[in-house]
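Open your viewer and get ready to select residues by number. We will go stop by stop.

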Amino acid sequence: MTTGRGTTPGTGPATGARPTAPPAPRPARARPADRRAPGRAAPWVRLPGAGPRPADGGSTTAHDLTVRHRLLLALSALLALSLFVSYQGVHGDANPLRTSTAPAVLSLDTALYALGQAERDAGAPAPTSDFQKQISVAAQSLSAAAADDDVGGPAGRQALQTIAGLITVYAVKVQKSQLQPDGSLMREAYRSYATSILTEKGTGIQDRLKALQRQQRAAVHRQTSFGPLLWLAWSVTLLLALALWAALLETQFFLRRRFRRRYNRQLLAALVLSAAGVATAVLFTVWTQRGMADTRRLLDSPLPGRLIPVAGRDTASYLAHTGFRASAAVWILIGGVLLMALAETGLRRHIDDYRFRPR
């Protein structure tokens, strides 16, 4: 039998046979609910430490849960640390200002005013009780200032001891001058020597006290200043808070979409706890900083004698409750631990379900 051109014996189709139709294409498989279309991964799924993403078309739920779990833990820890540092940057100086720096400024003002009054009474022809009273007030004010170890450091304490000794010498010379006959040379000599001890430029009692005053007022400005570093710290804190709240809400929507769970109580509790904690810390900080600013304005210049007691009461009012607010800093760290615990318990069950799911 002769074969046709271009055919192989035994392999060509039979004469008159109909060609077979090509197989019908397979219907496309439906995409499972827990599979993500390739090339549409969220930005945070590429966080370091999250492990490789599944191949295109594979289940991404376990990977997405792990990423969100680690992101929430990291943001909670960073927010707690940043909020603690920012909070302490303001409240850490409020209590020393209330208990130490501001009272020291008022004590030095009182000593200066009392010495000015004593100098006025020193010209009396005989010793008076008013002079002794003013000297006692000045000495007690210096003792109150010296009780604070932060007044100028060791040099400041040494200066206060020197001033206290000079006040004693000044009082003795004034008393000796008042015991001399009126108009005598000895009276004038003692009086002139006492005045020079008090008013000598640079080395006199008044100039020494004013130098300490300037140091203490500089300390008040440092403690009450809300400088660029604090602005930066609080800006970072608020940005971290916004990032954590966005991540909590996104994770809640993810769980609702993927697992048909309407609410995750732990994540909602973390959202409420973080918002309440940040709002309380900001409110306490505003109150404390306002009181510190009012104190700085009050103590910014020397006060007349009659206004010193009023200034002391006003300062105590401005800085009231700062100790309580400063002690609240420890609750920021406790709140950070609670946030991490809520994020852990909110996602752990779903992570474990996918970790031990049979293939």
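Start with the second largest pocket of this predicted model. The space in this pocket comes to about 320 Å³. Select Leu83, Gly277, Val278, Trp331 and Ile332: of the 19 lining residues, these are the closest to the pocket's centre.

Now colour three helices: H1 (61-121), H7 (265-299) and H10 (329-355). Each of them gives two or more residues to the lining of this pocket. What kinds of residue make up the lining of the second largest pocket: nonpolar, polar or charged? Count 14 nonpolar and five polar residues, with no charged ones. A probe the size of a water molecule, rolled over the atoms, shows where empty space is left.

Next, go to the largest nonpolar core, which has 41 residues. Select Leu72, Tyr87, Leu244 and Leu248, the residues with the most contacts inside this core. Which elements each supply at least two residues of the core? They are H1, helix H6 (228-259), H7, helix H8 (308-318) and H10. H1 gives the most, with 13 residues. In soluble globular proteins, nonpolar side chains tend to be buried together.

Leave out residues up to four places away in sequence, and Leu248 touches Leu72, Leu267, Ala270, Leu271 and Ser274. Show these side chains together.

Now for a residue in another setting. Select Phe324, in helix H9 (residues 322-327). Is Phe324 buried or exposed? Exposed counts as over 50% relative accessible area. Phe324 has 57% relative accessibility, so it counts as exposed. Phe324 and Phe284 are 40 residues apart in sequence, and their C-alpha atoms are 10.0 Å apart in space.

Finally, zoom out to the whole protein. Switch to a cartoon view and find ten helices and zero strands. Read along the sequence, the pattern is α-α-α-α-α-α-α-α-α-α. Of the 359 residues, 38% are buried.

Last, consider the contacts with a separation of 6 or more: 75% of them involve residues 24 or more positions apart.

Conventions:
Residues numbered from 1 in each chain as written. Predicted model: local features only at pLDDT ≥ 70, side-chain atom pairs only at ≥ 80, totals over all residues. Heavy atoms only, no water. 1 Å grid on protein atoms, 1.4 Å probe; cavity = no way out; pocket = protein on both sides within 12 Å on 5 of 7 lines; lining within 4 Å. Points joined across faces, edges and corners; volume = space filled by probe spheres on them. Helix = DSSP H or I, 4+ residues; strand = E, 2+ residues; numbered from the N terminus. Nonpolar A, V, L, I, M, F, W, Y, C, P; charged D, E, K, R; others polar. Buried < 20%, exposed > 50% of the residue type's maximum accessible area, 1.4 Å probe, protein only. Core = buried A, V, L, I, M, F, W, Y, C linked by side-chain atoms within 4.5 Å. Contact = heavy atoms within 4.5 Å.
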